[in-house]
Amino acid sequence: SISGYTFTAAILKNASLEDSVVDGVSFSRAELSMANLEHASISRCELHSVKARDADFSHAVLSDLDFHHANLERASFANSEMNMVSFFGAVVERVDYTNAAGYTRASFDGAVGTSTAVGLPWV
């Protein structure tokens, strides 16, 4: 479990947070590329300007998250559940949303690459 921390410019590349509970954490300009967050429960977090290319969020429960200006290219949100998730200005090229549930108040305003994303209900 990780709660209440701030990671600014931290390098967490290839980190494994599988099955973790992440609550109230701020990742600013952090490197999360190829991180494994599969089956994680992530809530009330800010992931501003993070590099999370090829990160695995599949089967994760995501609630009240801001991926503002994040690079999520080739990340996977397959079979995840999203509630109040913002991808404002994020790069979502070739991101996999296959069977993602919810999309309750998910916002892709200003996101780049939604036409190449897989599994979005409107693509």
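Which residues of the largest nonpolar core touch the most other members? In this predicted model, they are Phe 67, Leu 72, Phe 77, Phe 87 and Tyr 97, within a core of 37 residues. The points below describe that core, the aromatic residues and the cavity.

**Phe 87 and its contacts**

- Phe 87 has a relative accessible area of 0%, and it is therefore buried, the limit being under 20%.
- When residues up to four places away in sequence are not counted, Phe 87 touches Phe 67, Leu 72, Phe 77, Met 82, Val 92, Tyr 97, Ser 107, Phe 108, Asp 109 and Ala 111.

**Aromatic pairs**

- The structure holds eleven aromatic pairs.
- One of them joins Phe 87 and Phe 108, which are stacked, with 4.6 Å from centre to centre and 10 degrees between the planes.
- Because Phe 87 lies in the loop between β7 and β8 (101-104) while Phe 108 lies in the segment after β8, this pair ties together parts that are 21 residues apart in sequence.
- Phe 108 counts as buried, at 12% relative accessibility.
- The pair of Tyr 97 and Phe 108 is edge-to-face, because the ring centres are 5.7 Å apart and the planes stand at 85 degrees.
- Tyr 97 is in the loop between β7 and β8 and Phe 108 is in the segment after β8, so their pair ties together parts that are eleven residues apart in sequence.
- Tyr 97 also counts as buried, with a relative accessibility of 0%.

**The aromatic cluster**

- Phe 57, Phe 67, Phe 77, Phe 87, Tyr 97 and Phe 108 form one aromatic cluster.
- Members of this cluster that are also among the core residues touching the most other members include Phe 67, Phe 77, Phe 87 and Tyr 97.

**The cavity**

- The structure holds one cavity of 30 Å³ or more.
- The largest cavity contains about 60 Å³ of space.
- Its lining consists of Leu 17, Val 22, Phe 27, Leu 32, Leu 37, Ile 42, Leu 47 and Phe 57.
- By class, the lining of the largest cavity has eight nonpolar residues, with no polar and no charged ones.
- Phe 57 belongs both to this lining and to the aromatic cluster.

Methods: Residues are numbered from 1 along each chain as its sequence is written. This is a predicted model: local features need pLDDT of at least 70, side-chain atom pairs count only at pLDDT 80 or more; totals for chains, interfaces and linings use all residues. Side-chain values use heavy atoms; hydrogens and water are left out. On a 1 Å grid over the protein atoms alone, a cavity is a set of points where a 1.4 Å probe fits but cannot get out, and a pocket is an open set with protein on both sides within 12 Å along at least five of seven lines; lining residues have an atom within 4 Å of a point. Grid points are joined across faces, edges and corners, and a volume is the space filled by probe spheres set on the points. Ala, Val, Leu, Ile, Met, Phe, Trp, Tyr, Cys and Pro count as nonpolar, Asp, Glu, Lys and Arg as charged, and the others, Gly among them, as polar. A nonpolar core is a set of buried Ala, Val, Leu, Ile, Met, Phe, Trp, Tyr and Cys residues joined through side-chain atoms within 4.5 Å. Buried means under 20% relative accessible area, exposed over 50%, partly exposed in between (1.4 Å probe, protein chains only). Contact means heavy atoms within 4.5 Å. Rings of Phe, Tyr and Trp (its six-membered ring) pair if their centres lie within 6.5 Å; planes under 30 degrees apart count as stacked, over 60 as edge-to-face and the rest as tilted. Helices (H or I, at least four residues) and strands (E, at least two) are DSSP runs, numbered from the N terminus.
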